[in-house]
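Please read the following report alongside the sequence and the three-dimensional model.

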Amino acid sequence: MYLFRPASTVDKDGNDNSVLLSVKLKTTEKTIFFKSLSDYIASSYAEPPEAYRDDLRVLDELRQAATAALDVNSNALKRNIRYYGQLCFILSKFPADVDIKFTWYNAFDPESSVTCQDMYYERACVLFNIGAIYSQLACKESRNDKDSLTKAFGYFQSAAGVFHHLQHKIVCECRSQLTTDLSSYMLTTLENLMLSQAQECVWSRSVLSSMKDSNVARVATQVAEFYDMAIEAGSQGSLANTIPQAWLDTFKVKKLYFSAEAQYRKAQDCLANCHYGEEVARMQMSLDFCGQINELITYDQRWSKHIRAAIVDIAKQQMELVNSNCSRAVHDNDVIYLDPVPSASSLSAISPYKLAQSKAPEVVENPGKFLGEEELGPPLFKGLVPFVIHQAASLYEDRKEQMVTKDLIASLDELTADCESVLSSLNLPYALEAIQKPVGLPPSILVGADEIRSEGGLLGLKRLLDSAIAANKRAFEFLDESEKTLAEEADEDRRVRYNASSGSERATRPPSRELTATLYSEIARFRDTLHEASKKDALIKGIIDKWSSFLSLLSCSRDEIERQVPSTTVNPITDPNHCRIVERLHQYLGEVGVMKRERIKSIEKLKRIAAEDDVTPALNEEMQRLASLSSTPILKYELHQFEDVFLQRLDKYTSWRKYVSEESEVQVELLDSIREANQAFIMARTNHPLLQQREQFLVGMETAIKRFREASFNLHDGLRFYAKTESDLAKLKDSCLDFAMARHLNAKDLLGISQEEMSAVLSHSVGQPGSLQQGANNTWDPSMPLRYTKRS
């Protein structure tokens with residue numbers, strides 16, 4: 001009753017044709033790293049890809065060697081492990097979703113495949129093949145000698161460990177859809193299968209070593225439990241439709257087989273210890289398990305097709321052996337020993353003896369430890385800065401931008417805007433200039449007047465307004481003509497239908513109102529838009545009229561403007577107290593100017609500091625520090641590991657927050673002083689009408705300049721709008737004319753008469769209000785637009 005077969009017997013699938021199962025390799029399509037990674041290095045790492053030409057070539061060679069369709073042997077295992085180890089290291093240098101597509105086929109369904117841009121998926125598929133190779137190497141070992149069984153035991157344990165590591169550490173990092181052979185249930189099934197067969201190798205070696213029957217029974221019990229776990233995992237969800245049915249059937253037969261073997265061995269132990277009644281009970285239990293196997297194979301043809309012949313033969317041999325021993329035990333006990341036979345339920349369970357464990361090779365669990373060694377070779381792209389460092393640098397730049405630009409500089413700009421707003425509300429410095437320069441004009445007015453003259457002055461502005469009003473009128477004319485064309489066509493349509501017999505083509509002709517709904521909708525939309533434009537034109541005209549006197553003056557020469565502005569030849573404020581007020585206000589405004597200039601310098605300094613703040617060296621130092629604390633060069637760096645670096649580097653900008661706060665306090669205090677001085681300044685001017693008159697005149701001119709700029713901008717913008725609108729309206733008008741012409745020709749065809757006859761028919765339709773527009777010879781002129789006239 002031994003599950004032994006020569007190792008050389010192989011089935012049609014390449015599996016050993018004894019009693020053990022091996023996993024087929026996943027197959028893949030050809031994939032090239034060289035170009036994609038070269039482009040990525042050049043675009044994202046700012047490094048010359050030529051420096052890594054040898055690494056790129058070696059990487060492609062490693063993949064080619066690992067995925068080549070060669071015999072499964074120790075060399076194939078080494079090639080796959082080396083490629084897997086280099087992939088683990090490369091994933092610390094490049095993002096997993098770099099622009100490389102990997103295609104892998106399902107190991108159990110060669111027609112099914114998944115293609116995606118995910119190096120984690122590539123690594124998972126390669127590791128799956130490593131587990132499959134371990135299983136095939138185990139199945140190639142002979143089970144007729146102890147040393148070979150020991151090797152097979154080690155291979156199966158390694159395969160189980162690989163599938164366990166794949167499920168719990170590798171697949172969970174994949175970011176794409178996976179083939180079903182990488183599902184959690186499938187990997188659990190494969191792990192339990194490998195453990196079952198590893199324990200089975202222990203059982204075979206125990207039998208060869210003539211171990212005590214009680215210990216062999218315990219080992220066999222554990223084999224049955226492992227197969228039971230494989231059955232449970234393999235029957236989950238949709239996995240039962242993916243895993244080969246022959247495998248599930250084999251699991252069930254193996255479970256029954258080793259359950260029978262365990263009871264048989266325990267019965268032999270009972271015989272040796274003179275427990276004859278228990279021997280009979282356990283022999284009967286073993287025979288019952290054998291009967292279940294025989295019933296499945298004998299009465300279900302599906303099973304006989306799925307189960308390998310070697311297993312069927314061994315099951316039959318087991319049946320014969322157990323049946324013979326059971327008959328002997330029953331006879332001896334009935335005739336000689338007369339020992340009571342206990343019930344099966346009262347028998348103590350056989351304690352399992354578990355020796356097989358999931359043990360992934362260290363080079364799989366910790367490949368970084370073997371980089372630079374014979375197993376994996378020197379690490380590829382060793383000098384390339386990891387991708388996470390670029391991510392960390394980008395994240396730091398975002399945070400720095402947020403703090404510097406959107407926080408500090410924005411706060412300073414807001415302070416400056418608030419300051420200018422307050423000064424503008426106090427009419428400063430214009431009011432002060434009117435006092436300190438009672439003759440002459442402020443520079444802002446001189447510049448504004450030059451600008452107005454360069455654009456043609458008030459007359460130029462009025463010409464722009466006239467052009468806008470004329471364009472508006474032309475646009476309405478386009479709309480009116482389009483609407484009239486549609487109305488004339490509708491009138492013609494009604495006359496064509498007049499006295500039409502029911503069901504005729506004339507009667508069933510689509511009415512105009514249905515066909516012109518879209519055109520009328522467009523006309524209405526344009527009309528609403530033009531009405532709004534008319535309102536804006538009228539508003540601009542009102543502004544021009546309101547400020548025309550100032551705009552007319554600003555259109556004159558500088559000398560003429562100065563003559564028209566109220567002025568004095570001497571400073572009218574002679575009171576010493578008033579002079580001190582003006583001097584103090586002038587001093588405060590000077591301080592504002594100094595504050596703003598210094599603030600601009602500070603902002604430029606802050607921008608320069610931020611521009612020179614390169615965090616990359618600090619990130620590289622932190623990366624090296626983290627690497628020194630690790631026992632492997634393959635580190636999965638995370639962004640949160642660099643948070644301390646970020647905080648330390650950003651701390652240099654904390655002092656600038658204090659600077660912003662101090663600037664705010666200084667500005668508030670200075671503006672309060674300006675408000676107080678300005679109030680005294682206003683009181684000092686209250687009794688001087690000439691100064692008030694001059695100041696009001698200057699303010700009026702400043703406002704007129706602003707209104708000119710606004711009107712000029714709006715009018716130019718309006719003319720651009722009208723130009724585009726006229727183009728659109730011309731197209732709309734053409735659409736209306738084309739529609740009317742097509743309908744007119746259709747009407748003529750329906751009537752089946754000539755153009756002259758049609759004109760006469762339509763013009764004399766009873767009860768119809770009008771006639772078609774006719775030429776001098778009383779015929780319709782195609783060159784003339786469609787018009788209708790009332791009949792007298």
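## Basis of the model

This is a predicted model, in which local features need pLDDT of at least 70 and side-chain atom pairs count only at pLDDT 80 or more, whereas totals for chains, interfaces and linings use all residues. Residues are numbered from 1 along each chain as its sequence is written, and side-chain values use heavy atoms, with hydrogens and water left out.

## Overall make-up

The secondary structure of the protein comes to 27 helices and four strands, where helices (H or I, at least four residues) and strands (E, at least two) are DSSP runs numbered from the N terminus. Of the 792 residues in the protein, 47% are buried; buried means under 20% relative accessible area, exposed means over 50%, and partly exposed lies in between, with a 1.4 Å probe and protein chains only.

Among the contacts in the protein with a separation of 6 or more, 80% are accounted for by residues 24 or more positions apart, a contact being heavy atoms within 4.5 Å.

Two packed helices are described by the angle between their axes and the distance between the axes. The axes of helix α6 (residues 184-208) and helix α7 (residues 213-234) come within 8 Å and cross at roughly 165°, which makes α6 roughly antiparallel to α7. Axes here are lines fitted to C-alpha atoms, for helices over the stretch in contact, and angles run from 0 to 180 degrees between N-to-C directions; angles under 35 degrees count as roughly parallel, over 145 as roughly antiparallel, 65 to 115 as roughly perpendicular and the rest as oblique. The crossing of α6 with α7 is left-handed, a term that applies if the near helix is turned anticlockwise from the far one by less than a right angle, with clockwise giving right-handed. By class, this contact of α6 with α7 has 15 nonpolar, nine polar and one charged residues, where Ala, Val, Leu, Ile, Met, Phe, Trp, Tyr, Cys and Pro count as nonpolar, Asp, Glu, Lys and Arg as charged, and the others, Gly among them, as polar. Helix α6 is largely enclosed by the rest of the structure, because 20 of its 25 residues are buried. The 25 residues of α6 should span 36 Å at 1.5 Å a residue, and its end C-alpha atoms are 36 Å apart, which agrees; the expected span is 1.5 Å times one less than the number of residues. Serine 210, which follows α6, has a positive phi near 55°.

Helix α7 also packs with helix α8 (residues 245-272), their axes coming within 8 Å and crossing at roughly 160°, which makes α7 roughly antiparallel to α8. The crossing of α7 and α8 is left-handed, and their contact has, by class, twelve nonpolar, five polar and nine charged residues. Because 21 of its 28 residues are buried, α8 is largely enclosed by the rest of the structure. Just after α8, cysteine 274 takes a positive phi of about 65°.

## Helices α16 and α19

Helix α16 (residues 457-497) packs against helix α19 (residues 517-546) at an angle of about 160°, with their axes 10 Å apart, and the two are therefore roughly antiparallel to each other. In passing α19, α16 makes a left-handed crossing. The contact of α16 with α19 has, by class, 16 nonpolar, four polar and six charged residues.

Lysine 400 lies in helix α13 (residues 387-425) and, at 4% relative accessibility, counts as buried. Leaving aside neighbours within four places in sequence, lysine 400 is in contact with Thr405, Ala610, Asp613, Leu650 and Tyr653. Glutamate 663, in helix α25 (residues 654-685), is buried as well, with a relative accessible area of 13%. Not counting residues up to four places away in sequence, glutamate 663 touches Leu412, Leu415, Met595 and Arg599. Glutamate 663 and serine 411 are 252 residues apart in sequence and 10.0 Å apart in space, C-alpha to C-alpha.

Serine 444, in helix α15 (residues 443-454), is partly exposed, with a relative accessible area of 28%. Beyond its neighbours within four places in sequence, serine 444 is in contact with Tyr430, Glu702 and Ile705. From C-alpha to C-alpha, serine 444 and isoleucine 705 are 9.5 Å apart in space, although 261 residues apart in sequence.
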